[in-house]
Amino acid sequence: MSLRFAYNTNGTAHHRMDDAIDLIAESGYQGVALTLDIHHLDPFAEAWLPEAQRVSSRLQRLGLGSVIETGARFLLDPKAKHEPTLVCGDATGRARRIGFLKRAIDIGAILHSEAVSFWAGVPKDDIDRDEAGAWLREGLTEVVAYAAERNVVACLEPEPGMLIETLDDYAALDIPGLRLALDTGHCLVTGERDPAAAVGEFADRLGTVALEDMARGVHVHLPFGEGDMDVPAVLDALDAIGFEKLICVELSRESHRADLMVPASLRYLRDCRNPNPGASA
């Protein structure tokens, strides 16, 4: 079985969306992890629906699959990064985040995306964590039900520093229909599990997987070969469970050299799968 790879458009922030899609396709990827943002299929634009339909047609023509990502920094609030969230103290803000996730699900349905990925958020210091947890469960339950009605896979990504930070935090939620968006690099940040072991342990709950290099204990997405990730081991683990969905490369800090990093990342991954292409059988 051949593993399938995608590149996250948050690592092509200086490219027009069509140019980014073309670069990803021409580099040989099988899909796009599309981070909805002000310049990449803005979900709040007046013409979001025809734009989503246009992008869907473009992806189909290019033979690309997709995953919808929702981690844009200032899409909802231009003055507060990643706010509002599912755990903010303002009910109106939480409702706005839920509305955004529902719009992302609508777009995912139009693009025939494999999954829609999102995270919990960081509670402010004055917020009781138990209360935040209750808000989170309420919001997630609503979002998952909405996704199920549209045959879209809803995935929660544990994120270092957020209310749902680890894979155990995700598992404790136990919300039916909520799949796992596994960022393997985050396992190195939290130190909770070996990334390859996490793939096997959560095989039956994986909705989408992100892969990049990362140094242990430091939440910075690094190009392959610059951190502590055993990339071949993770790929072997994904192969072993028969993972057929897109594996998404996420290098949001490398947009200034996306022209180099998009193709280079796929070359690295292919070399990991075939380290001695010239060797005889």
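Guide: Happy to! Let's begin with H112, which sits in the loop between α3 and β4 (116–118). Keep in mind that this is a predicted model.

Visitor: What's the phi of H112 like?

Guide: The phi of H112 is positive, about 55°, although the residue is not a glycine.

Visitor: And is H112 buried or exposed?

Guide: H112 counts as exposed, because its relative accessibility is 59% and the cut-off for exposed is over 50%.

Visitor: OK, what about L41, what's its phi?

Guide: Phi of L41 is near 55°, again a positive value in a residue other than glycine.

Visitor: Where is L41 placed?

Guide: L41 is in the loop between β2 and α2 (48–62).

Visitor: Buried or exposed, that L41?

Guide: L41 is buried, because its relative accessible area is 3% and buried means under 20%.

Visitor: I also care about omega. Which peptide bond is cis?

Guide: The bond from E83 to P84 is cis, with omega near -10°. As for where that is, P84 belongs to the loop between β3 (65–69) and α3 (91–111).

Visitor: Let's zoom out. How many helices and strands does the protein chain have?

Guide: The protein chain has nine helices and eight strands. Its radius of gyration is 18 Å, close to the 19 Å that the globule rule gives for 281 residues, so the chain is as compact as a globular protein of that length.

Visitor: What box do the C-alpha atoms fill?

Guide: Along the principal axes, the C-alpha atoms of the protein chain fill a box of roughly 60 × 40 × 35 Å.

Visitor: How much of the chain counts as buried?

Guide: That would be 54% of the 281 residues. As for the surface, the protein chain exposes about 12300 Å², and carbon and sulfur atoms supply 47% of that area.

Visitor: What share of the contacts comes from residues 24 or more positions apart?

Guide: Those residues account for 76% of the contacts in the protein chain with a separation of 6 or more.

Visitor: Why do you call β1 largely enclosed, if you do?

Guide: I do, because four of the five residues of strand β1 (residues 4–8) are buried, so the rest of the structure largely encloses it.

Visitor: How many residues of β7 are buried?

Guide: Six of the six residues of strand β7 (residues 206–211) are buried, so the rest of the structure largely encloses this strand too.

Visitor: How is β7 joined to β6?

Guide: By four bridges, with the two strands running parallel. In that pair, D183 stands opposite A210 in β7. Strand β6 (residues 179–183) has four of its five residues buried, so it is largely enclosed by the rest of the structure.

Visitor: And which strand pairs with β6 over two bridges?

Guide: That is strand β5 (residues 154–156), in the parallel sense. L156 stands opposite L180 in β6.

Visitor: One last topic: where does A237 sit?

Guide: A237 is in helix α8 (residues 231–240). At 13% relative accessibility, A237 counts as buried.

Visitor: What is A237 in contact with?

Guide: Setting aside neighbours within four places in sequence, A237 is in contact with A196 and V199.

Visitor: And how far is A237 from D130?

Guide: The C-alpha atoms of A237 and D130 are separated by 35 Å, and the two residues are 107 residues apart along the chain.

Technical notes
Residues are numbered from 1 along each chain as its sequence is written. This is a predicted model: local features need pLDDT of at least 70, side-chain atom pairs count only at pLDDT 80 or more; totals for chains, interfaces and linings use all residues. Side-chain values use heavy atoms; hydrogens and water are left out. The radius of gyration is taken over C-alpha atoms; the globule rule is 2.2 Å times the number of residues to the power 0.38. Buried means under 20% relative accessible area, exposed over 50%, partly exposed in between (1.4 Å probe, protein chains only). Contact means heavy atoms within 4.5 Å. Accessible areas come from the Shrake-Rupley method with a 1.4 Å probe; for residues, only the protein chains shown count as cover. Two strands pair if DSSP finds at least two bridges between them.
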